Amino acid sequence: MTILVTGATGTVGRQVIRQLARRGADIRALVRDPAKADLPAGVPVATGDFLDVDAMRAALSGVSTLFLLNAVVPDEFTQSLVTLNLAREAGIARVVYLSVIHSDLFVNVPHFAGKFGVERMIDGMGFEATILRPAYFIDNDRTVADVVMTHGVYPMPIGHKGLAMIDARDIGEIAALELIRREQGAAPPARLTLVGPETLTGPDVAGLWAEVLGRPVAYGGDDTAGFEGRLRAFMPPWMAFDMRLMAERFQTDGMLPEAGDRERLTAMLGRPLHTYRDFATTVAASA
């Protein structure tokens with residue numbers, strides 16, 4: 001009974017691996033380069049990527065449950081379809097898929113729409129599946145921490161509706177718990193919305209940084225065109241545009257929890273969810 005963890009070297013995938021390893025699960029990690037994997041000692045690895053059909057067949061051999069996590073790439077949807085078909089070919093019945101909150105609503109945002117298509121495929125193929133729909137990752141803000149601390153500006157144009165930001169550690173542990181639950185026996189399909197303990201606007205996040213740093217931090221505003229332009233300095237134009245579209249939906253719709261979401265997650269974890277203040281305090285202390 002082996003769990004294959006894809007995306008094992010990313011922000012969430014590493015957390016999933018750690019949580020499964022702590023619980024003594026039989027796991028295998030899919031990686032592109034084992035020399036750079038930096039996984040816990042003793043975790044077996046399979047080398048390959050989603051579009052390498054032969055490598056994926058080998059990676060999926062003997063696997064009982066699949067954790068499917070894709071990076072935001074142009075062929076993300078194709079990668080998922082190939083992998084799920086190969087999983088079914090290998091006799092795998094159980095899947096935990098990392099989607100995104102509001103995948104069915106933010107239909108103009110390419111990587112959201114792609115994930116919703118994968119959700120529909122999982123449903124249609126009859127997997128015993130849990131679909132995890134996380135809100136904005138708190139950990140994304142590591143990319144702007146230097147700007148916050150150096151210039152006193154929180155530059156992410158997340159708007160004023162609010163995002164129920166969640167820590168990657170919480171996502172990883174919830175995913176591990178669901179993978180183990182799937183391993184332990186048949187369970188009906190499930191969708192879980194993953195949110196953090198607070199719903200934060202752009203000014204809210206700037207205010208938290210100001211409290212942690214002990215000096216003023218301003219919210220940079222809602223200019224999504226400027227955001228796209230800044231992103232193009234270090235990512236492809238298609239991805240920068242995708243991120244701009246996402247930010248526009250943050251501003252018009254937010255990422256809001258439904259009644260009971262936070263309580264359900266807290267009960268699963270048996271502890272409080274990590275807060276944005278936790279994150280900001282840790283980042284500031286290590287700067």
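Select Arg 23 to start: with a relative accessible area of 32%, Arg 23 is partly exposed (buried means under 20% relative accessible area, exposed over 50%, partly exposed in between, computed with a 1.4 Å probe on protein chains only). The model is a predicted one, in which local features need pLDDT of at least 70 and side-chain atom pairs count only at pLDDT 80 or more, while totals for chains, interfaces and linings use all residues. Residues are numbered from 1 along each chain as its sequence is written, and side-chain values use heavy atoms, with hydrogens and water left out.

**Stop 1: the partner of Arg 23**

Arg 23 and Glu 173 form a salt bridge, with their closest N and O atoms 3.0 Å apart (a salt bridge is a side-chain nitrogen of Lys or Arg within 4 Å of a carboxyl oxygen of Asp or Glu). Glu 173 is buried, at a relative accessible area of 9%. The two residues are 150 residues apart and link distant parts of the chain: Arg 23 sits in the loop between α1 (11-22) and β2 (27-31), and Glu 173 in helix α6 (residues 168-183). Helices (H or I, at least four residues) and strands (E, at least two) are DSSP runs, numbered from the N terminus.

Side chains of opposite charge can pair when their charged atoms come close. By the rule above, the model has 18 salt bridges.

**Stop 2: salt bridges inside helices**

Stay on α6 and select Arg 181 and Glu 178. Their side chains meet in a salt bridge of 2.9 Å, N to O. Arg 181 and Glu 178 are 3 residues apart in helix α6, so about one helical turn separates them. Arg 181 is partly exposed at 33% relative accessibility, whereas Glu 178 is buried at 5%.

Next, go to helix α10 (residues 261-269), where Arg 264 and Asp 261 lie 3 residues apart, about one turn of the helix. These two also form a salt bridge, with the closest N and O atoms 3.1 Å apart. Arg 264 is partly exposed, at 40%, and Asp 261 is buried, at 5%.

For a network of salt bridges, select Asp 104, Glu 119, Asp 123, Arg 133 and Arg 191 together.

**Stop 3: two helix pairs**

Two packed helices are described by the angle between their axes and the distance between the axes. Show α1 and α6. Their axes come within 8 Å and cross at roughly 50° (axes are lines fitted to C-alpha atoms, for helices over the stretch in contact, and angles run from 0 to 180 degrees between N-to-C directions). The pair is therefore oblique: angles under 35 degrees count as roughly parallel, over 145 as roughly antiparallel, 65 to 115 as roughly perpendicular and the rest as oblique. The crossing of α1 and α6 is right-handed (right-handed if the near helix is turned clockwise from the far one by less than a right angle, left-handed if anticlockwise). Among the residues that meet are Val 12, Val 16 and Leu 20 in α1, and Ala 168, Glu 173 and Leu 179 in α6.

Now show helix α3 (residues 76-89) with helix α4 (residues 110-125). They pack at an angle of about 15°, with their axes 9 Å apart, and are therefore roughly parallel to each other. The crossing of α3 and α4 is right-handed. The contact includes Phe 77, Leu 81 and Leu 84 of α3 and Val 118, Met 121 and Ile 122 of α4 (contact means heavy atoms within 4.5 Å).

**Stop 4: the nonpolar cores**

Which residues have the most contacts inside the largest nonpolar core? They are Leu 20, Phe 67, Tyr 154, Met 165, Trp 209, Met 255 and Tyr 276, in a core of 75 residues. A nonpolar core is a set of buried Ala, Val, Leu, Ile, Met, Phe, Trp, Tyr and Cys residues joined through side-chain atoms within 4.5 Å. A second, separate core has 23 residues, including Leu 4, Ala 59, Ala 87 and Ile 131.

Centre the view on Met 255. Leaving aside neighbours within four places in sequence, Met 255 is in contact with residues including Ile 101, His 102, Phe 106, Tyr 136 and Phe 250.

**Stop 5: loops**

Select His 102 itself, in the loop between β5 (94-98) and α4. His 102 is buried, at 15% relative accessibility, and has a positive phi near 60°. Most residues other than glycine have a negative phi.

Asp 38, in the loop between β2 and β3 (45-47), also has a positive phi, about 50°. Asp 38 is exposed, at 62%.

End at Pro 74, in the loop between β4 (63-68) and α3. Pro 74 is exposed, at 69%. The C-alpha atoms of Pro 74 and Met 239 are 8.3 Å apart, though 165 residues separate the two along the chain.
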